Amino acid sequence: MGVMRRNLLLVLALFSVLCLSAHAEVTPQQVTDPEYMINGGYSEAAAEEVYIIKNRIDGKPAEPLYQTKTSNNKFVRFLKNCYSYLDPSQDSEQRYHHDIKQYPSWSDL
C-alpha cells in the first residue's frame with residue numbers, strides 16, 4: 001500500500017510538472033518592431049505604417065523606413081504629382097509621410 005501511494009505521488013508530481021505552461025513575455029514595443037512584424041508575416045507597408053504612427057505618438061520625425069523607387073525624370077514626377085494632387089486617393093511621395101495640410105498650395109504640385 002505504501003509503494004502504491006509513493007508511485008501515485010510520483011505520477012502526480014510528474015503530471016503537474018508537465019502541465020506547467022511556459023510564459024514568454026513579449027512587450028508591445030517588441031511586437032510593433034518592424035523587423036518582428038515582417039518576420040511575423042506582415043508586409044513592409046504595414047510595418048512601416050506602424051513605425052510611423054509610433055514615431056508620431058512619441059513626437060519623433062515620421063520618416064519612411066523603406067525608400068520607394070522614384071523616377072529621375074522631372075516630367076514624369078511632375079505628371080505623377082499632378083495626378084496625385086487631383087486624385088486624393090493616390091499617395092504622393094511628398095505628402096504621404098507628412099501631416100496633411102488643410103489648404104492646397106503650389107508646393108503640392
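Author: The protein chain has 5 helices and 0 strands, where helices (H or I, at least four residues) and strands (E, at least two) are DSSP runs numbered from the N terminus. This is a predicted model, in which local features need pLDDT of at least 70, side-chain atom pairs count only at pLDDT 80 or more, and totals for chains, interfaces and linings use all residues. Residues are numbered from 1 along each chain as its sequence is written, and side-chain values use heavy atoms, with hydrogens and water left out.

Reader: What pattern does the protein chain follow along the sequence?

Author: The pattern is α-α-α-α-α.

Reader: Why does N55 count as buried?

Author: Buried means under 20% relative accessible area, exposed over 50%, and partly exposed in between (1.4 Å probe, protein chains only). N55 has 8% relative accessibility and therefore counts as buried. N55 lies in helix 4 (residues 44-58). Of the 109 residues of the protein chain, 12% are buried.

Reader: Which residues is N55 in contact with, leaving aside its neighbours within four places in sequence?

Author: Contact means heavy atoms within 4.5 Å. With those neighbours left aside, N55 is in contact with K60, P61 and A62.

Reader: What makes the span of helix 1 close to the expected one?

Author: The expected span is 1.5 Å times one less than the number of residues. Helix 1 (residues 2-19) has 18 residues and reaches 26 Å from its first C-alpha to its last, close to the 26 Å expected.

Reader: How do you know that helix 1 is hardly covered?

Author: The count of buried residues among its 18 residues is 0.
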